[in-house]
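Colleague: I am new to this structure and would like to learn how to read a few of its features. Could we look at them together?

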Amino acid sequence: MIDLYTFTTPNGRKVSIALEELGLPYTVHAVDISKGDQFKPEFLAINPNNKIPAIVDHQGPGGKPFSVFESGAILLYLAEKTGKLLPQDARGRTEAVQWLMFQMSGVGPMLGQLSHFKLAAKEPIPYAIERYTKEVERILGVMDKHFAQHEFLAPEYSVADISTYPWLAGAKQFYPELIQPVANVQRWMETVGARPAVQRGMKVPELKK
């Protein structure tokens with residue numbers, strides 16, 4: 001059994017999608033970051049960086065409980081634990097990991113900064129909005145060229161796709177004008193978004209109204 005500490009953000013949904021794809025049993029613990037739950041001592045004991053997501057695998061290495069934080073690290077841990085969602089050959093594995101790092105260092109941070117300055121900032125800062133809009137456009141262009149010749153980010157569906165999809169699903173909702181020009185990215189989003197496990201994972205956690 002795995003305890004998943006998460007919230008309704010792209011980073012959180014990466015892990016719930018992976019758990020659904022892998023068919024691993026897990027219990028969801030909603031950490032409401034809008035209320036400061038991530039700073040509670042019981043959560044800090046699991047993730048000292050006070051960010052979601054985090055997991056506790058009660059059958060970790062050596063059969064002992066093991067906690068993991070940082071979404072990319074969690075995806076790699078789960079993939080290596082199960083032998084799934086990561087190509088087994090060295091070339092394919094490296095391709096998947098490099099695109100996972102592309103998401104971690106580019107897709108997520110740039111979309112996050114764009115959202116902050118465009119949606120959350122108290123006053124608009126045109127320079128910041130232009131800077132991050134252009135960088136998101138550049139990143140989407142890189143992906144669009146890749147998808148013109150490849151079905152997935154790596155040679156097969158992997159943690160790279162799982163890590164990237166929730167971020168672009170959010171971008172499609174809030175910035176449709178950025179997604180509309182990249183037809184190959186849209187095709188990939190439709191393919192990944194049609195997977196039942198992805199659809200289930202995107203609904204985690206289900207918050208009580």
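Modeller: Let us begin with a term: a residue is called buried under 20% relative accessible area, exposed over 50%, and partly exposed in between. By that scale Glu130, at 43% relative accessibility, counts as partly exposed; please keep in mind that this is a predicted model.

Colleague: What does Glu130 form with Lys134?

Modeller: In general, side chains of opposite charge can pair when their charged atoms come close. Here Lys134 and Glu130 form a salt bridge, with the closest N and O atoms 3.0 Å apart, and both residues belong to helix α5 (residues 126–147), where they are four residues apart, about one turn of the helix.

Colleague: Why can residues with such a spacing point the same way?

Modeller: An α-helix has 3.6 residues a turn, so residues three or four places apart point the same way. Helix α5 also holds Glu135 and Arg138, three residues apart, and these two form a salt bridge in which the closest N and O atoms are 2.8 Å apart. Glu135 is partly exposed at 23% relative accessible area, and Arg138 is likewise partly exposed at 45%.

Colleague: How many salt bridges are counted in total?

Modeller: The count comes to nine, including one between Lys40 and Asp37, whose closest N and O atoms are 3.4 Å apart. Lys40 is partly exposed, with a relative accessible area of 38%, whereas Asp37 is buried at 17%.

Colleague: Is helix α6 largely enclosed or open?

Modeller: Twelve of the 16 residues of α6 are buried, so this helix is largely enclosed by the rest of the structure; among the buried ones are Trp167 and Leu168. Helix α6 also has a kink of about 30 degrees at Tyr165, shortly before the proline Pro166.

Conventions: Residues numbered from 1 in each chain as written. Predicted model: local features only at pLDDT ≥ 70, side-chain atom pairs only at ≥ 80, totals over all residues. Heavy atoms only, no water. Bend = angle between axes of the 7 residues up to and from the residue. Helix = DSSP H or I, 4+ residues; strand = E, 2+ residues; numbered from the N terminus. Buried < 20%, exposed > 50% of the residue type's maximum accessible area, 1.4 Å probe, protein only. Salt bridge = Lys/Arg side-chain N within 4 Å of Asp/Glu carboxyl O.
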